[in-house]
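Please find below a note on the model under review. The points are numbered so that each can be taken up separately.

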Amino acid sequence: MTRIVIIGGGPGGYEAALVAAQLGAEVTVVDRDGLGGSAVLTDCVPSKTLIATAEVMTTFDSSYEELGIIVADDTPPLEQQARVVGVDLGKVNRRVKRLAIAQSHDITQAVTRAGVTVLRGKGRLGPGGQGVDGSREVLVDHEDGSTESLRADAVLIATGVHPRELPDAAPDGERILTWTQVYDLEELPRDLIVVGSGVTGAEFAGAYQALGSNVTLVSSRDRVLPGEDPDAAEVLEEVFRRRGMNVMSRSRAESAKRIGDKVEVTLSDGTVIEGTHCLMAVGSIPNTAGMGLEEAGVHLNDWGQIKVDRVSRTTAPGVYAAGDCTGVFMLASVAAMQGRIAMYHALGDAVQPLNLKTVASNVFTDPEIATVGYTAADVQRGKMDAVEIKLPLRGNPRAKMQGIRDGFVKLFCRPGTGIVVGGVVVAPRASELIHSISLAVDNNLTVEQVAGAFTVYPSLSGSTAEAARQLHIRKRDEGDA
């Protein structure tokens, strides 16, 4: 029986364990914090649970203006509007942590039912390298201080990342926080400074603004979400500003210092911003140090990320890697796919190499931003010859009914064949709407096929079909010209 040892129990690790067990391997998972990893315990599940509450608050805020709903107390006169909707952040965070622990427990049960052994501890590659039988040694440092040696025919490293910290902005867990520490807050920050305008920073900034905090978002770049579609980022930044957020572009934070119950953030130009709390969202560091990787022949890049190929192999024979520690595409879905691919390859099953151009991603702001396939940047750089169309949602009948003012559907297709190669959706629940475009990209469907499929009337998904119809007309007209 093939022996598999997996170091790390996040999506890359536990999904790999399930596949390996199904294929008949003897599987051991070594994990420090609980199965599910940061995705379940401190990142995806907790943050999206918090955002779910923020979405309800946003609905209340917009319901009077758009839908005519009045929220009032029973103090005369009843005609006077009074917002009495608030949030108990302590209760919200207790729910967040409860759901995360429950999800981790469910994963642990599923893995152990599949016959996988789970060891609590810190795993690392042993100094012996490959043995005479081709196996690898994995050392497990247990919580009681003991060390256990395991032999494995294949090892998967899926150790994830941890928040990056600035030298002059050390988090204290009370006023200066990382994204893993915000769930210990009992009261809503009155004035929150969010440093970093990537996905994590934008999601938390939007959520806390909706919950009732006064938010200042410090961005070192020209716009929020510099890695996303420019049109989508522009819509989101406009929404942020309209809702009262102070978005500071081209502003780099140098330090954050706690002074009593306040926090002072100093920018590179000397400007000092004062708030009650500061959330540092300035990137992440892979959990690869002290694991004996380089000594075992595993190459790391300058950022400490593990170099892998499209079937998750590292540069060391018998050692695979998956998830955020590889820096390939920092999504739970990609980590899970990398882990599954690694096990298919290690155990000799049929395997299809990872194709990042079929990966759908989503930013859980309000509105959400979902993307799949080739992007506007790819087209501009000449990586893909494509025709583009952008259809604003404000013309969609369902959007009008729901009071949706912001967002669009954007499609990219090949100019000759009309094959859909990418798309962007900016809308409420864009994470759900992107699926039809993902299917089109993954199966090389044409705009004619997408346009020809029935959609419900009225529905937001109708905009996807309409965009495809307009792309077909544009492609035809350009062909005639």
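The points below cover the basis of the model, its strands, a helix pair and the cysteines.

1. Basis. The model is predicted, so local features require pLDDT of at least 70 and side-chain atom pairs pLDDT 80 or more, whereas totals for chains, interfaces and linings use all residues. Residues are numbered from 1 along each chain as its sequence is written, and side-chain values use heavy atoms, without hydrogens and water.

2. The seven-stranded sheet. Seven strands form an open sheet in the order E5-E4-E3-E2-E1-E6-E17, and the pairing is mixed. At its edges lie strand E5 (147-152) and strand E17 (319-321), each of which pairs on one side only. From one strand to the next, the twist averages 35°. Strands and helices are DSSP runs numbered from the N terminus (helices H or I, at least four residues; strands E, at least two), and two strands pair if DSSP finds at least two bridges between them.

3. Strands E1 and E6. Strand E1 (residues 3-7) runs parallel to strand E6 (residues 154-157), and four bridges join them. Ile 7 has Ile 157 of E6 opposite. Helix H7 (residues 332-346) packs on the sheet, where it touches E1, E6 and E17, and its direction makes about 170° with that of E6. Contact means heavy atoms within 4.5 Å; axes are lines fitted to C-alpha atoms, for helices over the stretch in contact, and angles between N-to-C directions run from 0 to 180 degrees.

4. Helices H1 and H7. Helix H1 (residues 11-22) packs against H7 at an angle of about 35°, the axes being 7 Å apart. Among the residues in this contact are Pro 11, Ala 16 and Val 19 of H1, with Ala 335, Gly 339 and Met 343 of H7.

5. Strands E9 and E10. Strand E9 (residues 191-195) and E10 are parallel and joined by five bridges. Asp 191 has Asn 214 in E10 as its bridge partner. Strand E10 (residues 214-218) is mostly covered, with four of its five residues buried. Here buried means under 20% relative accessible area, exposed over 50%, and partly exposed in between (1.4 Å probe, protein chains only).

6. Cysteines. Cys 44 is partly exposed, at a relative accessible area of 28%, whereas Cys 278 is buried at 0%. A search of the whole structure finds zero disulfides, a disulfide being a pair of cysteine sulfur atoms within 2.5 Å.
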